[in-house]
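Here is a short briefing on one structure.

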Amino acid sequence: MSLKIEHLTGGYTGVPVIKDINLKIKPGEALGLIGLNGAGKSTTIKHILGLLRPQKGSISLNDIPLLMRPTEFKKQVAYIPETPVLYPELTLKEHLELTMLSYGLDENKAWNRAHELLKMFRLDDKLDWLPIHFSKGMRQKVMIVSAFLADTSLLVIDEPFTGLDPLAVANLIDLIKEAIKNQKMVLMTTHVLADAQLAISNYAVLNNGTIEIIGDLAEIRSHYGLAPDDPFDKLYLALNREDNGNA
Amino acid sequence: MRNLAKKRLNENLKQSVKYLTLVFNDFFILALIFLFGALMFWYAQAMKTMPSNLVFYKPLIAVILWLPLLVGRLVTLIQEADMQFLFTQDENMGQYLRPMFNYSLVVPCILEILLAGIIFPFATIKAGYNAAQYVLIVISMLLIKYGMLEVEQKNLYFGSHVSHLATSIIALVVAFLCIYMPLIGFVFTVLWTVFMEPGFNKKPKIFDWRYAVESEKARKDRIYSIFSMFTDVAEKQVTIKRRKYLDFLLPKSLVKENPNLFLYRRSLLRNPEYLNLFVRMTIFAILISWIVQDTWWALGLSALVIFLTVYQLLPMASEFDSNIMYRVYPIVTEKRSKDLIKVLNLALILQWFLISVFWLIVLPINFNLLIAVAVLFIFTMMTNYGYLPYKVNNKNIR
């Protein structure tokens, strides 16, 4: 029972963006994926979601291979994209209904959970609106509510904090913590480590399409030769130096 | 700024010409020539028999000459990104708008002069104007359009916005003034245009960027909607309408639904491209049946219209493929053509029903008509269950 990514090489057209990635997340574990822009974080995520076809390697979740049994695989994955993606023709209520239909959720139970989540993100009075007209932060909240409503074993979260108000950030962190406690798996990319480390202790550093180290923040600090009290911005400077060194 | 304006006008002209050549294709031109010929023939005949100097002639001329003034709003070609990149150019917007203003005058002026030319015989012979008076009236009309555009230009700055409706009504009142008192009307229109000149009041002004962007977007949308009746317009942005009043057509319970059915239903009801197409085609079939006044012709043409409706609704099948969440969600796409057929079936039965009801109203009721209604129903079902799945599978959009 885990997410297994083995020797994954992939990218867009022929040219590999990520090279030989190996990751494993077990139930009750969360992993943060960090790196500079263009390091391959989003590409990795797109492979896990089945939006890109791997050039090499395999991805499986709870022993279900993505390539062979895509629908079963996807039923266990919920995704919060970096920029909200909504159906222009659906109301907020219908977005949640579509989630229930797609993931085959029990309507009554799902609505109980949905109302909790909607209340938490102060969306409970907007059920009949078209969220496409919402502000960026509110649209992101719709994505969060839908993803947590799906109640899947893996949550893939791409840079979730931008555009959210501090209250929503705190709520999201609580939800992630709760998911981990409930034996879910979480994979999250972010640049905002100050917020992320409240929920996630393990990180994988992606640079130039390869994983340089997986570990907690102390281990990562020492790997890049940073002092324990150095600010984390220095990590990115170190990655940038390496990047230039390679080029 | 002037150069930017000119560059944009050039691009806009190119784009308009591209679409106009598509709109005015051979068939349409031919149809227009026939229509125009028929209209002119009727006009020439009517001129012979019409009595002179009836009371309503002058108001009629005022309204006819006023109509082209409603066409052609101020073209600004302001884009959303301008809010960011031209943010500091408030004071130079006058320079930018000058060529835009002149460009905006062209189409309405041509239309006005064309129409004025057509009704010239009527105005001089039947309504009793002499040529000089009539020319003065037409010049006044052109000045009114100039003034209307000046109002629109003024609206782009913070201050009181005058709605197009208000401007149009004022224009109609002034048009009447010109018709009954040509000279006073002319003086009035000259004063209007002079007072509205941007140079006339020198108060510092802040450009209302948001309003400018919104109104240009609305203007473009109107133009594209006209083009899109004849051809595909790539630039047209679809704005989804909530249309709560149509929600009663959606199933209340989710029990029998699946994700594709759920999405197609809402897309058909709320995406204006599909619903408008459906309404337009239905009205077209009804009109055409009424015009031909023959059961078999009405049947043939209505069947064609139903077929074309289905044909044009085909892109619905793959509408959501570009939505990442649609592909991330565990939605099974293998049998979605069946879902589309199910949704369209309801719509087509409704279309068949509406056409049949109007047939009963506008066509002579006899046994043939009942046969035609039945045949049209069979044809509708064949299109939906035979042609549609074939096409959807063929396109590999399953």
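**Helix pair in chain B**

The axes of helix α8 (residues 164-180) of chain B and helix α9 (residues 182-196) of chain B come within 5 Å and cross at roughly 140°. That makes α8(B) oblique to α9(B), as angles under 35 degrees count as roughly parallel, over 145 as roughly antiparallel, 65 to 115 as roughly perpendicular and the rest as oblique. This is a predicted model: local features need pLDDT of at least 70, side-chain atom pairs count only at pLDDT 80 or more, and totals for chains, interfaces and linings use all residues. Residues are numbered from 1 along each chain as its sequence is written, and chains are lettered from A in the order in which they are written.

- From α8(B), the contact uses B:V174, B:L177 and B:C178; two residues are in contact if their C-beta atoms, placed from the backbone, lie within 7 Å.
- α9(B) contributes B:P182, B:I184, B:G185, B:F186, B:F188 and B:T189.

**Chain A against chain B**

- 22 residues of chain A are in contact with 21 residues of chain B.
- α3(A) gives the largest share of chain A's side, 7 residues.

**Nonpolar cores**

- The largest nonpolar core has 106 residues. Such a core is a set of buried Ala, Val, Leu, Ile, Met, Phe, Trp, Tyr and Cys residues joined through C-beta atoms within 7 Å; buried means 20 or more other C-beta atoms within 10 Å of a residue's own.
- Helix α5 (residues 136-150) of chain A gives the most to this core, with 9 residues.
- Apart from it lies another core, of 34 residues, including B:I61 and B:I144.

Technical notes. Axes fitted to C-alpha atoms, helices over the stretch in contact; angles between N-to-C directions. Helix = DSSP H or I, 4+ residues; strand = E, 2+ residues; numbered from the N terminus. Buried ≥ 20, exposed ≤ 12 C-beta atoms within 10 Å, placed from the backbone.
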